[in-house]
Amino acid sequence: MKAFFLSLLIVLTVAAPAVQAQGTAQNENKSANALTGQFNDLKSKSNSYMEGNREYKVVNVGLLNSFWQSVQATIKDVEQKQIKDLNATRQDLETAQARITEQEKEIEALKLDNAQKEAAVQQSEDAVNNLHVLGIPIHKQIYVIINTAIIALLLIALGVVYTQFKSSKKVTDQKKKEFDDIDREFAEFKKNAREREIKIKRELQTEMNLVAELNDQVAALQKKAHV
C-alpha cells in the first residue's frame, strides 16, 4: 500500500508540469488570437485611400493606443505565467530533494540496525549451544536461524528503500531537466518578446509618421483651398 501511494505521488509530480505547460500553451494561443482579431479590427476600422499603386490606411490613434496596450498586457501576462510555472517546478524539485534526504536517513538507520544484528549473530556463535533468552532456553542453531531471518527481512526492507531512493533520484533528475528546459524556454520567450516589442514599436512609429505626413498633406491642401 505504501509503494502504491508513493507511485501515485510520483505520477502526479511528473504529470503536473505537463498539464501546466499545456494550459500555458492554450492561454498563449488565445492571447495571440485575441491580438490578431484586434489588429484585424484596427485595420478594418481604418480609412483607406490609394496613392499611385499603393494602399494607405488612416489609423485611429485611440484604437492604435488600445491595441498597443493589449500587446503590452499580453506580454506581461505570458511572462508572469512563465515565472509561475518556473517557481512551481522549483518547489517540486525542493520537495523531491527533501524526500531523498529522508530516505537516505532511513537507509543509514537500516544499515546501523543491520550492523548491530550482525554483531549479535557473531556473539551468538561464540556462546554455548544453549542460550537463555528471557529465561527460556533456545538452541544456538535456532537462535541463529531467527537472527538470520530478521537480517534477511532487514535486507529486503533495505532493498525496497534503496529502490524507492533510486526512483526518487530519477524523478529529481527529471525535474532538474524540466527546470533547465523551462529556464531555456523562458529565456527564449523573453528574447522573442523583446524582439516582438521592438518590431511593434517600429511599426507604430511608422504608422505615426504616416499619420503626421497625412496631416501635413491635409494642412497643405486646406491652405491651397483658402488661397
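Reader: What's the relative accessibility of D173?
Author: D173 comes out at 37%, which counts as partly exposed. Here buried is under 20% relative accessible area, exposed is over 50%, and partly exposed is in between, with a 1.4 Å probe and protein chains only. Keep in mind that this is a predicted model: local features need pLDDT of at least 70, side-chain atom pairs count only at pLDDT 80 or more, and totals for chains, interfaces and linings use all residues. Residues are numbered from 1 along each chain as its sequence is written, and side-chain values use heavy atoms, leaving out hydrogens and water.

Reader: Ok, and which residue forms a salt bridge with D173?
Author: That's K169, with the closest N and O atoms 3.5 Å apart. A salt bridge here is a side-chain nitrogen of Lys or Arg within 4 Å of a carboxyl oxygen of Asp or Glu. K169 is partly exposed as well, at 40%.

Reader: Where do K169 and D173 lie?
Author: Both lie in helix α3, four residues apart, or about one turn of the helix. Helices are DSSP runs of H or I, at least four residues, numbered from the N terminus.

Reader: How many salt bridges does the count come to?
Author: Six, by that rule. One of them pairs D92 with K175, at 3.8 Å from N to O. D92 is in helix α2 (residues 61–126) and K175 in helix α3 (residues 140–226), so this pair links parts 83 residues apart in sequence.

Reader: And how accessible are those two, D92 and K175?
Author: D92 is partly exposed at 25%, but K175 is buried at 1%.

Reader: What about K177, which residue does its side chain meet?
Author: D181, in a salt bridge of 3.4 Å. K177 and D181 are also four residues apart in helix α3. Elsewhere, salt bridges with shared partners join D92, K175 and E178 into one network.

Reader: Changing topic: which residues touch the most other members of the largest nonpolar core?
Author: L42, L64, F67 and V71, out of 13 residues in that core. A nonpolar core is a set of buried Ala, Val, Leu, Ile, Met, Phe, Trp, Tyr and Cys residues joined through side-chain atoms within 4.5 Å.

Reader: Which helix gives the most to this core?
Author: α2, with six residues. α1 (2–44), α2 and α3 each supply at least two.

Reader: What does L64 touch?
Author: Leaving out residues up to four places away in sequence, L64 touches L42, V59, L204 and E207. Contact means heavy atoms within 4.5 Å.
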